Amino acid sequence: MARFHGILLFSALLCLVRALEASTGDADPVYRACVDQCEKTGCVGEKCFHHCKFSSDGKSIDGPWYLQEPLYLRWKQWDCLSDCRYQCMLSREEEREQLGHKPVKYHGKWPFQRVYGIQEPVAVALSALNLSMQFHGWLSFFILLYYKLPLRPDKKSYYEYTGLWHIYGILSMNCWFWSAVFHSRDVELTEKLYYSSAVTLLGFSLILAILRAFDVRDEAARVMVAAPLIAFMTTHILYLNFYKLDHDLNMKVCAIMGVIHLLVWAIWAGVTRHPSRWKLWLVVVGGGLAMLLETKDFPPYRGFVDAHALWHATTIPLTYLWWSFIRDDAEYGTSSLLKKMK
Ligand SMILES: [Zn+2]
């Protein structure tokens, strides 16, 4: 009997996992029929796709090369199937809307309206804005350190976290670049690149937060803090890329790292006498609220703005404030070091 219960529980769990993989939208028989039909004829209603013609004239897929879809299209997953899925989703959603139904997810994603083939235009534009904000912040930090603040005789800055903030700036810009690419067209490759760069950025931010909050200046101690975190990040990235691209697991890992990162800064902001600690407070509170927004999952407004896009919007002012804190910290660090030397 116990074994029977075990099997029952196992199959129930299996069903749950299956249910999570497939979405309501793509389980809909009307949608499925539409995709099947489209793959055969290359058309959905009036709309037809050129590259579907390669296999639509009755020739099998493994005919001569010139009758097949170009390989690079298939590799990019910009192929007949993905266009058919998109067009069928649009027409199905239109029908559902007329019947007064709410939007549903297709293949795990909400229905988005494409603009010039860009999948989530709002998220792409916001990612680009974030990228330029990061660049602006990093550039102003660079100018402050090397042109405005006094330098050591060997032309290096007095501030002890310069190198770490430079790496942070580069990782942030890299992450926003891949975010823009991923939101233009989400296929496995762009998703992996986006996730990997986001994990790297989050992990590095956590290391940096610990080093700055505990004022770790000694090289060996810094390595001791960084090594286990880098090992964890590497394992997680390898797991995502070469074993399983697990969205839920990645969400959890990122959320935990994000929360610890914010906590480190929050606690430090509470105890430090730093003159710009109020900026830290604002970033921590704003970042926390933004993270709450990210956990909300609602269908995109008019097919354009969803919670994730809003989250990308909130990070723009936070980035400005954040680099402003970093600049203040560089000034503060330099002046307190110079005072000590006198
Ligand atoms: Zn994003």
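The UniProt annotation "transmembrane region", from an unreviewed entry, covers residues 122-146, 158-181, 193-211, 223-243, 249-271 and 307-326. UniProt positions are in the numbering used here, feature names are shortened, and such annotations may be inferred rather than shown by experiment. Residues are numbered from 1 along each chain as its sequence is written. What you see is a predicted model, where local features need pLDDT of at least 70, side-chain atom pairs count only at pLDDT 80 or more, and totals for chains, interfaces and linings use all residues.

Take two of those annotated stretches. Over residues 193-211 the chain is 100% helix and 0% strand, with the end C-alpha atoms 27 Å apart. Residues 223-243 are also 100% helix and 0% strand, and there the end C-alpha atoms are 28 Å apart. Helices (H or I, at least four residues) and strands (E, at least two) are DSSP runs here, numbered from the N terminus.

Now the whole chain. It has 12 helices and two strands, and from the N terminus the order is α-α-α-β-β-α-α-α-α-α-α-α-α-α. Of its 342 residues, 27% count as buried. A residue is buried if 20 or more other C-beta atoms lie within 10 Å of its own, exposed if 12 or fewer, and partly exposed in between, with C-beta atoms placed from the backbone. Two residues are in contact if their C-beta atoms, placed that way, lie within 7 Å. Among contacts with a separation of 6 or more, 70% join residues 24 or more positions apart.

Next, the cores. A nonpolar core is a set of buried Ala, Val, Leu, Ile, Met, Phe, Trp, Tyr and Cys residues joined through C-beta atoms within 7 Å. The largest one has 44 residues, and Ala198 and Ile326 have the most contacts inside it. Elements giving two or more residues to this core are α6 (121-148), α7 (162-184), α8 (188-213), α9 (219-243), α10 (247-271), α11 (277-295) and α12 (307-341). Which element gives the largest share? That is α8, with 10 residues. Leaving aside neighbours within four places in sequence, Ala198 is in contact with Cys175 and Cys254. A second, separate core has 12 residues, including Val44, Cys52, Cys84 and Tyr106.

On to α6. This helix has 28 residues and reaches 39 Å from its first C-alpha to its last, close to the expected 40 Å; the expected span is 1.5 Å times one less than the number of residues. Its buried residues include Val122, Leu126, Asn130, Gln134 and Phe141, and the buried residues of α6 pack against α7 and α12. Ile143 and Arg327 are 184 residues apart in sequence, yet 9.9 Å apart in space, C-alpha to C-alpha.

Last, the loops. Gly108 lies between α5 (80-98) and α6, and its C-alpha is 8.7 Å from that of Thr24, 84 residues away in sequence. Most residues other than glycine have a negative phi. Lys155, in the loop between α6 and α7, has a positive phi of about 70 degrees although it is not a glycine. Why is Lys155 counted as exposed? Because it has 7 C-beta neighbours inside 10 Å. Asp215, in the loop between α8 and α9, also has a positive phi, about 50 degrees, and is exposed, with 11 other C-beta atoms within 10 Å.
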